[in-house]
Each structure stands twice: as structure tokens, then as C-alpha cells.
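The following note sets out some remarks on the structure, arranged as numbered points.

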Amino acid sequence: MSDVTRARHGRPVHHWRRDVVELAALFTAVAVADAVANLIGHGPDGPALLLISAMILVATAAFHIWWARRHGHAPPADDTGARPIADVRRAGPSEQRERAGESGATPEAAAGATVLWRMRTTVKDAPGSLAALCTALAQPQVDILSLQTHPLAEGTVDEFLLRAPSELAASEITRAVSRAGGTGIWIERADAHDLVDAPTRVLGLATRTALDTAELPLALRQLLGRCTIRSLPAKSPSSGRAEEGAPVEGALEDTVMRLPAPEGGVITVERPYLPFTPTEFARARALVELDARLGPRIPRSQDMLTLPQGNAITVRRADVGDVEAAKAMHERCSSRTLNMRYHGPVGDADRYLNHLLSPRFGRTLAVQTASGRIVGLGHLLWDGDETEIALLVEDDWQRRGVGSELLGRLVTMAVEAGCESVYVVTQASNTGMVAAMRSLGLPLDYQIEEGTLVITARLDATPVASRLPYDEGQRGEHTVRD
């Protein structure tokens, strides 16, 4: 422990050894002064010299007192008034509680809560511009956790992950960055998921895409943030006419990028609130190229279920290889069932199957019997920034719990994909679908227009484990509740 400690109110406290040393020095100084006075006092100019010496001694003492009061023995505080690190480490719990009591704050509040922010700003591509930005962020005690640079033709976009005091408003951060030369500033709250560095996140998204073709739109959304992704086929399912494609190398126009889809269509990504950078465009294009090289693929795991009536069925992922089996199921369905599902001419239903079963536009679950016949289909379709659920169950297998089983699994997939809500479009007379949606136990919104009913379910943010694992070797047996 140091010989000098700090008292409760900040005044220095001297140790008794120091006082003894000072008293000894004082007596020595008095003895020396007496000897000098006797020597000089007998001379002709003795009284004048003694008076001058006394004045010098008084001036020296006054200067010493002033200097001691202005410069204490403790190390100086920094510009913010905070104690030095060594002094904080020496302070015990009781002393910390005393200081917290003087300021009216608890030790936790004294330490200060923090929040995470994601921020982007454009700076000049010149030496010292980044240093000025970092200095501006350091002044309000903002910690830079990670930094990515996106070079532009003129300037550079810097993307930061920041940890800031909770009482510091976003406007104060943007104001500090603006004063340091940043322009086009964008900031939003971040969470613990953003602590993963960019290369690790991109590799994880590439792995997900490699396992499942349907993951591509979700991977793009997680890569680029809040955006709207639309996949347009090479030909319109309704008219059969060719859609406008994208250049082979893709196209980037400020807040919109267009990429050639692996199956010949086009993928459009829009983010109106924040322009895309060439770096983001290159990452998205690389992800799409990876998907194109791997070709169509879906996980081949499946679940074996037992219906209340004792029938054994299997639930698995479906793709375009099941088009003929799906058409055969259409032929066994009544016109009313098909009309409930497709809301239009029954004869046009088959032409949509290639689109619906393509993993490029969503995920499809098929229910098949022990003989391999498909008796039910459930679709989870990416509709821009929304997600649609559609069900079709063969007449002879309705009212057995098949539709509810498909619906529950599709909702689970939507939750895992990070969707905020799902919606179904049906007729107001379809009481079976209404009952199935209500059985989910989720908040529901209803909209009815000219007999068409749209039910939107707001999903819980808590992820739910899927019953369809990616591991092909895992197979489960369950009982479907009626």
C-alpha cells in the first residue's frame, strides 16, 4: 500500500512517519538558521541581511504551501474526472460502496450499462479520415467492436459495430460522426448475433445454402439485412410468357440489385433505406453462384406418423421430382377442394405445380401413405418480405389431422427462418382452415373481402426445433392428434 492514501472527501492523509521526518527537518532548519543568524548578526550589515533572509523564507514557505495545495500527492485524474486504473484496482468493496453512496448511485449504475449499435457512414478516402472518426467516437466513451470497409469509386463506406453507454442517444453518436467528416450516416440497434464476424457469418450462410436450395432467399436476407427479395421464374406460371431477365453478371442500381437465378429467372433484392455497396453485391452474387453450381437439393429426412385412425403416413420434403405424383393427387381431389386451394379455374392448377414445388420459391412438405401415394401438400412460399402458407389435402384424408400437422410444421419452419408472420388465403366458408389456424395459439388477424379470407398469424420470436432434421439418418415416429 502507498504511504499516501485518499480520504473519504478527497483530501490527502499523511502517514505518521512522514510527519516525524518533517519535524526533524524543521528542527534542523531552525538550528542552522540560528547558527547563521549568530554569524551574520555580529557583522556591520547583519540586521539588514537577517531581514532580507526572513522575507525570502516567508516567500518560499508561501510558494511551498500553494504548490502543495495545487499538486497533491495522488496521481492526477483524467479529463473525465475518473480515477486512475491503479487507484480503482486498489479500492476495496467497502470503499466502492462509500463512493457510490456519495454520488447517489449503485455500483452497477456506476459501472454503466451499455448497448450495441450498428452504424454506417461514408468518409473521404484520405489518410487520417478513419483516425478522426475513431477519435470522435472515443470522446463519448463509444467502443468500436468491429469495423468493415466497403470501398467506393469516391470515398469509403465504413460499417461499425459499437458498444456505447445506454444513456447515450443515437443522435449524439451521429452528431459526433458528422463533426468528424462522416456523411450518409445510418444507425440502428444491434444484438448479440451481430458480434459474429463477417467471414464466419458468410461461411455459415453458405453452409445452409449448400444443404437446402430453399435457404437461398433466407441467406440473402440475413446477409443484407432488412430487405425485400423476390424470385421471378423464367416464364410466368399463368401466361407462359418469358419474364425480363438479369444480366449474367447481375446489376446493381443504388438500393436495388438484380441477380440471375440459377433456374433461369431473376432474383430482385430491394433495400430502400440503405444503398447497397459493391462489396455487398459481390457477396450476394457469390452466394447465388454457389447455389447454381450445387444444383437443386433438399434434405431427404422424413418422419413416420400414426393417425388417430391407425393409418401410417410419412411427412417429408418435396420438390419438382414430385410433380407427377402431385398431379395424380389433383385428379383424385374434388372440384370444391381444388377451388378452395387455388381460388380460380381448376384446370389451371397443374401449371402452378412446377413453381410451387420448386425449392427456389419456398419449402414444400408432402404427406404420403405407406404405398408411396401423396395425399397432402403444404407450401411455405417466400412472398417478398412476407411468407404465405398454402395447404391441399385429398378429400378422403381430410378431417384426420393431416392439415393441422402440415400447418404446425410449416409454422415451425417459418419461425426458424426468422419470419415475423405468416398468412393464408382461403374462402370464408373454409371452416377447417380457420380451425387449424386457431389451434396454433398465435395472435391472428382476419381480413375478408368478397368472400376471400386472409388470416395472418404473428409468430413468436422464440425459435422452435423442427421435426425434420437435416441428418438423413434421423427418422422419427409420432402420433398425430386429431
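1. The secondary structure of the protein chain consists of 15 helices and 19 strands. The model is a predicted one, and the remarks below should be read accordingly.

2. Of the chain's 482 residues, 36% count as buried. Its accessible surface comes to about 27,900 Å², and carbon and sulfur atoms account for 55% of that area. Among contacts in the chain with a separation of 6 or more, 64% are between residues 24 or more positions apart.

3. In soluble globular proteins, nonpolar side chains tend to be buried together. Here the largest nonpolar core has 35 residues, and Ile389 and Met437 are those with the most contacts inside it. Two or more residues each are given to this core by strand 12 (312–318), strand 13 (362–369), strand 14 (374–383), strand 15 (386–393), strand 16 (421–427) and strand 18 (452–458), as well as by helix 14 (402–416) and helix 15 (431–438). Helix 14 provides the largest share, namely eight residues.

4. Which residues does Met437 touch, leaving aside those up to four places away in sequence? They are Leu407, Val424, Leu444, Ile455 and Ala457.

5. The largest pocket has a volume of about 1,700 Å³. Its lining comprises 49 residues, and those nearest the pocket centre are Asp191, Arg221, Gln222, Gly225 and Arg226. Helix 9 (residues 216–224) gives the most to this lining, with five residues. By class, the pocket lining has 20 charged, 19 nonpolar and 10 polar residues.

6. Rolling a probe the size of a water molecule over the atoms shows where empty space is left. How many cavities of 30 Å³ or more does a search of the whole structure find? The search finds one. The largest cavity has a volume of about 40 Å³.

7. The residues that line the largest cavity are Leu216, Pro217, Ser231, Ala261, Pro262, Glu263, Ile267 and Arg360. By class, this lining has five nonpolar, two charged and one polar residue.

Notes: Residues are numbered from 1 along each chain as its sequence is written. This is a predicted model: local features need pLDDT of at least 70, side-chain atom pairs count only at pLDDT 80 or more; totals for chains, interfaces and linings use all residues. Side-chain values use heavy atoms; hydrogens and water are left out. On a 1 Å grid over the protein atoms alone, a cavity is a set of points where a 1.4 Å probe fits but cannot get out, and a pocket is an open set with protein on both sides within 12 Å along at least five of seven lines; lining residues have an atom within 4 Å of a point. Grid points are joined across faces, edges and corners, and a volume is the space filled by probe spheres set on the points. Helices (H or I, at least four residues) and strands (E, at least two) are DSSP runs, numbered from the N terminus. Ala, Val, Leu, Ile, Met, Phe, Trp, Tyr, Cys and Pro count as nonpolar, Asp, Glu, Lys and Arg as charged, and the others, Gly among them, as polar. A nonpolar core is a set of buried Ala, Val, Leu, Ile, Met, Phe, Trp, Tyr and Cys residues joined through side-chain atoms within 4.5 Å. Buried means under 20% relative accessible area, exposed over 50%, partly exposed in between (1.4 Å probe, protein chains only). Contact means heavy atoms within 4.5 Å. Accessible areas come from the Shrake-Rupley method with a 1.4 Å probe; for residues, only the protein chains shown count as cover.
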